[in-house]
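Please work through the exercises below with the sequence and the 3D view side by side, and try each task before you read its solution.

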Amino acid sequence: MNGLNLFLWAILPYIVLTIFIGGLIYRYQKDQFGWTTKSSELLEKRRLRVGSLLFHWGIIFVFGGHIAGILVPIEFYEALGIPEHIYHRIAIILGMPAGIIAFIGIFLLFYRRIRVKRIKLTTSTGDWVALFFVILAIGTGLTATTLNINSNGFDYRTTIAPWFRGLFTFHVQPELMVYIPIWFKIHILSTFALYIIWPFTRLVHAFSFPLRYLRRNYVIYKRRIREA
Ligand code: HEM
């Protein structure tokens, strides 16, 4: 294995992980009040509702698909008697629509940002950067999946998946990544770029899901009745 492969698949992931976790801690310490979605709902609501809903529902299912295909080992499916071609077909049937919905959603949000003047004016460089890398990650994921529809013997559950899990158990196996199709390499490297910018953009809001909303008391708004 050459030095480039060693760097990309054994060293770079840890550099990315360090920036990601270190960046989140730094941001939390330095800028807790800026830890927000920076919602633009007050400036424009109709287009936001459609784009945001499509994007967030799509990405939740994409996330679920990644857990099922990458974090859950292939042995689990073999134990359930699910052969590779059935798994592959289900992954395509469920994963592709989720990815396409997320892509349409993020594209609508991008379009809204360039078309609605007051939104464009309040968009920071960080917001553009975040949009770009999210679109890139989803676009390359969809491309890799589409080009892999007739898998041609390639199974990411025996290559990418154990490589990825190995990073967290310090059983690093860069050799698993050398011969995977190029679009999967591009997809994973694009997501690395996304993790690097994540802590420094509004994407941090993904880590502040408002769980307290489920338990807190209702906030009641009442219209003031004018005295006659
Ligand atoms: C290092 C982390 C990641 C790895 C190893 C990875 C790997 C993969 C693999 C193996 C597939 C093919 C799935 C299939 O054919 O069934 C895929 C598809 C896809 N990935 Fe990723 N991915 C990662 C992170 C991300 C992130 C952060 C996003 C989005 C922000 C993303 C978006 C997508 C999309 C949209 C698809 C198309 C299929 C679908 O909708 O599930 N990926 N990825």
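Predicted model: local features only at pLDDT ≥ 70, side-chain atom pairs only at ≥ 80, totals over all residues.

Residues are numbered from 1 along each chain as its sequence is written.

**Exercise 1. The whole chain**

Task: Describe which elements the chain has and what it spans along its principal axes.

Solution: Begin with the elements, where helices (H or I, at least four residues) and strands (E, at least two) are DSSP runs numbered from the N terminus. The chain has eight helices and zero strands, and its order from the N terminus on is α-α-α-α-α-α-α-α. Next, take the C-alpha trace, which spans about 80 × 40 × 40 Å along the principal axes. Then turn to burial: a residue is buried if 20 or more other C-beta atoms, placed from the backbone, lie within 10 Å of its own, exposed if 12 or fewer, and partly exposed in between. Of the 228 residues in the chain, 17% are buried. Last come the contacts, where two residues are in contact if their C-beta atoms, placed from the backbone, lie within 7 Å. If we take the contacts between residues at least 6 apart in sequence, 85% of them join residues at least 24 apart.

**Exercise 2. H1 and H8**

Task: Find out how H1 and H8 are oriented to each other, and which residues make their contact.

Solution: Axes are lines fitted to C-alpha atoms, for helices over the stretch in contact, and angles run from 0 to 180 degrees between N-to-C directions. Helix H1 (residues 3-30) packs against H8 at an angle of about 25°, and the axes are 8 Å apart. Angles under 35 degrees count as roughly parallel, over 145 as roughly antiparallel, 65 to 115 as roughly perpendicular and the rest as oblique, and H1 and H8 are therefore roughly parallel to each other. Their crossing is left-handed, a term used if the near helix is turned anticlockwise from the far one by less than a right angle, whereas clockwise would be right-handed. On the H1 side the contact is made by Leu-12, Val-16, Ile-19 and Phe-20, and on the H8 side by Phe-192, Tyr-195 and Ile-196. To sort them, count Ala, Val, Leu, Ile, Met, Phe, Trp, Tyr, Cys and Pro as nonpolar, Asp, Glu, Lys and Arg as charged, and the others, Gly among them, as polar. The contact of H1 with H8 then has seven nonpolar, no polar and no charged residues.

**Exercise 3. H4 and H6**

Task: Work out how H4 and H6 are oriented to each other, and how their contact divides by class.

Solution: The axes of H4 and H6 cross at roughly 150° and come within 10 Å, and the two helices are therefore roughly antiparallel to each other. H4 passes H6 in a left-handed crossing. The residues in contact include Gly-95, Gly-99 and Phe-103 of H4, as well as Ile-138, Gly-141 and Leu-142 of H6. By class, this contact has twelve nonpolar, five polar and no charged residues.

**Exercise 4. Around the ligand**

Task: Identify which residues come nearest to the ligand and which helix gives the largest share of the shell.

Solution: A residue is near a molecule if its C-beta atom, placed from the backbone, lies within 6 Å of it. There are 27 residues around the ligand, of which Ala-91, Gly-95, Gly-99, Ala-137 and Gly-141 come nearest. At least two residues of the shell are supplied by each of H2 (46-71), H4 (84-115), H6 (125-147), H7 (160-169) and H8 (182-197), and the largest share, seven residues, comes from H6. The shell has 17 nonpolar, ten polar and no charged residues.
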